[in-house]
Amino acid sequence: MSTIERNPGMPLNLDWVENTQVNTSAVERRAASYSGRRSVKKQHQAAWLLKALSCIDLTTLSGDDTVNRVRRLCNKAKNPVRKEILKALGVEKLNITTGAVCVYHEMLEAASGFLKGSGVELAAVSTGFPAGLTPFDMRVEEIRRSVAAGATEIDIVISRRLVFVQDWQKLYDEVKQYREACGEAHLKTILATGELATFRNVAKASMVCMMAGADFIKTSTGKESVNATLPVSLVMVRQIREYYERTGYKIGYKPAGGISKAKDSLMYLVLMKEELGRDWLEPELFRFGASSLLGDIERQLEHHVTGKYSASFRHAMG
Amino acid sequence: MSIMKIFETMDYGLAPENTDEAMNWLKEHDRKFGQFINGEFIKNKKASYFDTSNPANGEKLAKITQGTQKDVDMAVTAANIAQDSWSRLSGFQRAKYLYSIARLIQKHSRLFAVLESLDNGKPIRESRDVDIPLVIRHFYHHAGWAQLMEDKLDDYEAIGVAGQIIPWNFPLLMMAWKIAPAIAAGNCVVMKPAEYTSLTALLFAEICQQAGLPKGVVNIVTGDGKTGAMIVNHKDINKIAFTGSTAVGRLIREQTAGTGKKLTLELGGKSAFIVFDDADVDSAIEGLVDAIWFNQGQVCCAGSRLLVQESIADRFHEKLIARMSKLRIGNPLDKSIDIGAIVDESQKTQIAELVKVGVEEGAELFQPEITLPEGGCFYPPTLLTEVDTAHYVAQEEIFGPVLVSMTFRTPNEAVALANNTRYGLACSIWSENINLAMDMAPKVIAGVVWINCTNQFDAAAGFGGKKESGFGREGGIEGMYAYLKPKYERKLKSGKEQKPFVLKIKNSMATVDRTPKFYIGGKQARPDGGYSQAVVSSKGELLAHIGKGNRKDIRNAVEATTKAKGWTNTTAHNRAQVLYFIAENLALRAEEFSTHIQSLTGNNKKDAEKEVYASIERLFYYAAYADKLDGAVHTVPLRGVVLAMPEANGIMGIVCPDENPLLGFVSLMAASISMGNRVVMIPSQASALMALEFYQVLETSDVPAGVVNIITGDKNELAQVLADHYEVESIWYFGDQEGSTMVEKSSAASLKRTWVNNGKSRNWFDNKVAQGLEFLNQATDVKNIWTPYGE
C-alpha cells in the first residue's frame, strides 16, 4: 500500500496561517503558463493519460443512485480501459484501475463488496456533504459509520462559515476530530473553494486542514458553481509545498469537479510535477474527482493506438 | 521508451515543433537573401554575404547580404521618394495597410515563430506566445493611431524618413515596435535588423509586399554595425531610432549631434526586482523566472538585480534555488523548454566572463545541475548571492540568465539601492501592501514599473528608459510622439545672432552702483571666478556689470537643485500657486521691467509693455497647466491598470533664446518648473541683466530655494558644463547651431535628454509655437506603472 509516511498533524500555528499572501493576478498568470511551458506528446502522452486515469476517484453522488448503478461504476473502476487497447499500448501488466470509487454512505456496503480484492480504494463523502451543516456530533458519527462500512477514504466538507469569520481554531478543532474519527481511513478535506471567494481564504484554510491532520486537501464538492480550476489548484499545491518544506510530511491533492477533458488532466499533472515533483504523480498523493474524464481519456488512448478519432459508444460506460 | 517505462518515470519526453515550413521558406530563397528596397528584393552580384545560423546547434540557415553604402543610399532614396505621398495619405488609408500587415502576420504566425526561434535560439513558447502575438498587436494598435492621427494628433506631422536599427534579442518584435508607429505616423523607414537575426525581418518584407504597401515605405537593409553607421550618418534621414547597447547608443548620440535628426534610444538596463516581506513569495519567484530567465536573460529590461528584504532573504533564496532546479534548458524548438540558446558564442563568453568576475569578487554562485545540450550555445540559469553594490556584477549589465541578489532593510533603502545605477529602464515591485507599492512606484527612477508582475508589454503602453537606458518611448501615445514633430516646426527660421551693444557713453553708470549677482539656492552669489562683464544698453550706456560664470558656478547651481527635491514632490496645486504668485509680483513691477526691456533692446515702450504682459500671461498659462497634464490610464489587455504618469525630468539645464529677453526666459522657466523640474537657467548674453533682475521677483514669490537658479556668462561655455554634468537629467538649448551641436554631443556621456533649436528662432509671442504640449512633453517623461489587480 502506501509508501509515504502519514501526516500526523501538528498544533495549530496561527503565524503560518496569518502570514499567508496570495496575489491573484500572479497566480492566474502562472497557472496559465503551464500549457505553454510544457507539452506531452505521443508515447509520453499515452503514459501520462494512463497515469491520470489511475488517479481518478470515479464518482457518483446522485440522489437516484442504486446498487446496480454503483455496481456498474465499480466494475468500470476495475476495468477502466478496453483490453485490446491496453494490449496495443503494451501496458496489460499495469493492471490499471482508477484510484478509487467515491459514493455516499448508503452505497458503501454494496461498493465494498464489488471492489473487494481489486486494489481500488473506496471513498465516502461525509460530514453532511455537501453543505456540512448537520449537527457536529452527527458529522463525526457519519465518519465512524462509513469507516465501519468499508470506506478506506473519507471526503469531508469543512465548515465554510468558519473561514469567513477566520475562526481558525474552531476549523482546526473540527477537522482534527474528523481525523480522529477516520482512524486508519484517509481523510480528504473538501474546502469548497468556489464558495470561499478568495485565494487567500483558500490558502489559509488549506494550511489549517493540513495542520489538523488532513491526508488530502480537495477543492470542491462538485456541487458549487465554480469547481476545480488550475489557479486555485496552484494556490493549494503551493500550500502543500509549504507544509512539506516546514514539516516533512507530504499531503495529497484532489481537484474535483469540472475536469472532463483528457488534455486538462495533463495540465493538472504538469502542475503537480512542476510545483511538487514526481512523488505527487501517484494516486496516493494525487486524485481527480471526476466522472466523465475517464471517457475522454479512453477515447484519446484509442486514438493513440489507431490514429483515428474515437467515439464514446466504443467504450463501456461507467 | 515504452509506455510502461514512461508511466514510471513520468518524463516529459520531446515535443519538437515542426520546422518544415520554415526550412521550405529558406529553400525557396536558395538560403540567400538580398536587400528589400523600394518594394523589391535586390540581389547585387558583387554583394558580400555573411552566414546566419541556429545558435542551438550551429547549423547554418542562410546567407545574408552585408549592406553597403550603395544599398543604404538606394534605400534612403526610395524612402524619401515615398515619403511625401505616404504622409499625405489619409489616416484611414494608412490604417488599412497596417491592418493588412497585422492580419497577414497573424495568418503566418507559426512560420514567423519557428523562424524566429531557429534564428535567435529563443524557446518556441516565447516566440509563439509572446513575441509574435505582440508584433500583431502592435500593428493592430497602430493601425488605430494612423486612423486617429487627424483626430488626436492634428497639431503634429510625420518627421520624415526614419532610420531604425534594432537588436537581436527580440528581432521581429523590436522591428514592429519601430515600424508600426513610424509608418502609422506617416514616416517611411529604412530598417536594419541585427546581423545575427535578419530572417524574420526578411519574411516581414514579403508581408509588406503581400499587403500592397506602397514601394519605399518600408526598406530593409541587412548588415552589421558598419551598415548601421551608414544609416546613422546618412544626411537624408530625419530620425534615428535605435535599440541596443548603451555604448553604441552613445556613439549614435555623438554622430547625430547637430544634424537636426530626431533621436530616440532604448538602451541597456540593470533593473531592480524588489521583494518586500509581505509579498506573495511563490508568485514573486515565478516573477523572477519571467524577469531573468525569459529569453535567456537577454532582455534590456530584465529584472537582473534582485533586492529582497533581509527578513525573508534566506527563505527566499532557498525557494528560488529550488525553483531554478526545475528550469528546463534545451532545444528552443522543444515545446517543453524554459531556456533556449544564447544568441552567439561571443555573448556566451561575455556572460561567463562576467560571472567569473562576480565570483572572484566574492559572490556565491549557484547553478542548478542541469546537463546542457551539446553542440549549441547554452548557458545555465545562474544566481549570484553575497553580492554588494560595490561589486562589478551589481552595476554592469550581464545580458544573460544571471541574477544578482542583494538585501535591504527598509523601503527607503530599497529605493536607494534600486536607484544606485547608471541605468533607469524598469523596476518590479512585489508587495501585497498597496500603500507601499504605490509609494515605491514614483520613487524608483525607471521608465516602466511593474507592481506584482514583470516584463509586461503592450502596444498601448509606453516603454523606454531614463538615464543611461536612453530616452523616448515606444508604445502608446507617448510612443507616437517619437515619430512626430509639431507642424509649426517646418516654418521656424534661422535666428539672427544678437550682438551685444557697444559701450558708447563713458561715465554713464547710475549714481548708485548696481550689483546683480547670480542666483543660486535661493541666494545671491558672487561669481566664483571673480570676473564680470559689462551690460550695455541699446543707446550705448553702461547699465551694470554682471558676473561671468564658470564651471564652478554651474556646479554650485546644480548642487542647489539637488537639494530642492521637495519641489518635484510637492503638489501640483502648490506649484501652480507659486507660479501665479510670480505672475502677480511681475505684474506689480511691470513698469520697471518694461523700462529694462526698452533699454536692453531698444524696443519702444508699447512693445516692451506687450512683452511684460505676455510674460505674465505665460506664467498664468503654466500655472494653469501645473495640475492638468494628467497622464493616462492605458487600455491594455490586462485586468488592472497601467498608469502613464508624466514625471518631471528632475534637474534641468535651460539655455535661453536671444529673442525677447523676458518672455523667452519666462516661457522656458515656467514650462519646466510647472511640471516639477528644478532648473539652472542660462540667460542669453543680451538679456542676462533682465534675468538677474527677475530673481527679485522670484525671491518675493515663495519659490523654494534651489528651484530656479540663474547663472550668466558665455552661453555656450556654460551650456557645455551643463551638458557634461551627470546630475543634470535634461537640457534645453535655445541658441545657435554650434551650441546645439555641442549640447547634443556633450550629452552623449550621460545620455541626458536634449531639446535644441538648431539655431532656429521662434516668435515667443505666438502661443502656437511658444507654449503648449510640446513644451510640457519635453519637461516630463512618461512612467508607465503596471498594476494588475484582483482578489
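Ala576(B), Leu579(B), Tyr580(B), Ile582(B), Ala583(B), Leu586(B) and Ala587(B) of helix H20(B) are in contact with Ser615(B), Ile616(B), Leu619(B), Phe620(B), Tyr622(B) and Ala623(B) of H22(B) (contact: C-beta atoms, placed from the backbone, within 7 Å; helices: DSSP runs of H or I, at least four residues, numbered from the N terminus). These contact residues divide into 12 nonpolar, one polar and no charged (nonpolar: Ala, Val, Leu, Ile, Met, Phe, Trp, Tyr, Cys and Pro; charged: Asp, Glu, Lys and Arg; polar: the others, Gly among them).

The model is predicted; local features need pLDDT of at least 70, side-chain atom pairs count only at pLDDT 80 or more, and totals for chains, interfaces and linings use all residues. Residues are numbered from 1 along each chain as its sequence is written, while chains are lettered from A and ligands numbered from 1 in the order in which they are written.

The axes of H20(B) and H22(B) are 8 Å apart, at an angle of about 170°, so the two helices are roughly antiparallel (angle over 145 degrees; axes are lines fitted to C-alpha atoms over the stretch in contact, with angles from 0 to 180 degrees between N-to-C directions).

| Helix | Residues |
|---|---|
| H20(B) | 572-588 |
| H22(B) | 605-625 |
| H25(B) | 715-724 |

Leu718(B) lies in H25(B). Leu718(B) is buried, with 24 other C-beta atoms within 10 Å (buried: 20 or more such atoms, placed from the backbone). Leaving out residues up to four places away in sequence, Leu718(B) touches Gly549(B), Ile554(B), Ile682(B), Ile711(B) and Gly713(B).

Terms used. Angles under 35 degrees count as roughly parallel, over 145 as roughly antiparallel, 65 to 115 as roughly perpendicular and the rest as oblique. Two residues are in contact if their C-beta atoms, placed from the backbone, lie within 7 Å. A residue is buried if 20 or more other C-beta atoms lie within 10 Å of its own, exposed if 12 or fewer, and partly exposed in between; C-beta atoms are placed from the backbone.
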